[in-house]
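Trainee: I am new to this one. Can we look at the structure together?

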Amino acid sequence: MKPLVLLTQNSKMKEILQRLDQVIDSDSSILLIGETGVGKELFAEYIHKKSKRALNPFVKVGLSAIPSELLESELFGHEKGAFTSASTERKGLFEIANTGSIFLDDIDDFPLSLQSKLLRVLESKEIMRIGSSTTIPVDVRLITASKIDLKELVEAGKFRLDLYYRINVIPVYIPPLRERPEDIQLLLEHYIKHYAPEKTIKFSDDALKLLIQYNWPGNVRELKNLAQRLAIFARDTIRPDDLPLEIRVENPVQLIVKACKHCFLGDGMDFNQVVSCLEINLIREALKNTKGNQSQAAKLLGLSLSTFRDKMKKYQLDNNHK
Ligand SMILES: Nc1ncnc2c1ncn2[C@@H]1O[C@H](COP(=O)(O)OP(=O)(O)OP(=O)(O)O)[C@@H](O)[C@H]1O
Ligand SMILES: [Mg+2]
């Protein structure tokens, strides 16, 4: 198994890990909550590997990738002949995970129709394969992960409240990368070294500033992909020009804030004038930030190139981005 690397210098993250350590050897269910790429799967592995179950199986189940009609048999198994395609008996993932931990990823995708069955298995600690009338005891530690607050699904009637209580014994909220700026340089340096051990690569102050300001919607996964690219292309020092466009330029929200300042300078402007002024300034800021590259500027504003060009024409704007 690959070695587990869970890096952080952020005090909130360290606190979370300390609190986790206190419950790691209990059998309580843990629910990991966090945006895409924050490290939910890594935390699940960390919990298993630090627990007393570490030498026993760890079974990961990506719930969103399993068609709902196959899910029951995947999780709980089936006997030979239980349904048309069941030509042999098959153990379910809960049985395979016996004595170890099971990680149900994307639990928010768990179909409502199977939720009561899952709850029964968790409460009784036994499963019944499809087509069988005997129960099999299973001893598993449950770890689940969700990108959204399950409480919202409960309120929307898509998630059973009793199941929610059963899996939410220990909720762990993993903060997004933009809320832990200390980790950005640490993780980048770690992963660049990982992908290019022979190189010594540093960041210029300007580049580092941009990387820390960026909002990292894809969190550590996005950072890791960038590190891989930088490890291939960078020489010794990474400068702003080496960074991808979305990191190098200000984001649209910052552009709007800047553009607004220009708009509200004019007293007595009516609604249409303010909107036109805002559009003009947004286009100018976007062109400035992309050195006059219209397709990049359009992308930055979330417009198609043709809409962007129509607006340039409407306001008789030229490509002078200075
Ligand atoms: N603190 C960390 N230290 C080192 N590597 C990390 C850290 N957090 C995440 N990673 C790495 O970032 C990548 C994404 O993490 P992971 O797959 O655990 O995220 P996730 O929350 O499960 O994402 P998704 O919701 O998209 O499934 C993995 O390769 C993981 O090893
Ligand atoms: Mg994941």
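Trainee: In which sense do strand 1 and strand 6 pair?

Mentor: This is a predicted model, where local features need pLDDT of at least 70, side-chain atom pairs count only at pLDDT 80 or more, and totals for chains, interfaces and linings use all residues. Residues are numbered from 1 along each chain as its sequence is written, with chains lettered from A and ligands numbered from 1 in the order in which they are written. Strands are DSSP runs of E, at least two residues, and helices are runs of H or I, at least four, numbered from the N terminus; two strands pair if DSSP finds at least two bridges between them. Strand 1 (residues 30-33) meets strand 6 over 4 bridges, and the sense is parallel.

Trainee: Which residue of strand 6 is the bridge partner of Leu-104?

Mentor: Strand 3 (residues 101-105) also pairs with strand 6, in the parallel sense over 4 bridges. In strand 6, the partner of Leu-104 is Thr-144.

Trainee: How many residues of strand 6 are buried?

Mentor: Buried means that 20 or more other C-beta atoms, placed from the backbone, lie within 10 Å of the residue's own. One side has Arg-141, Ile-143 and Ala-145, the other Leu-142, Thr-144 and Ser-146, and both faces are covered. The count for strand 6 (residues 141-146) is 6 of 6.

Trainee: Between which domains does ligand 1 lie, and why?

Mentor: Domain bounds come from an automatic or database domain assignment. Helix 2 (40-50) and helix 10 (219-233) each supply at least two residues of the ligand's shell. Both domains give residues to that shell, so ligand 1 lies between domain 1 (11-175) and domain 2 (178-248).

Note on methods:
Buried ≥ 20, exposed ≤ 12 C-beta atoms within 10 Å, placed from the backbone.
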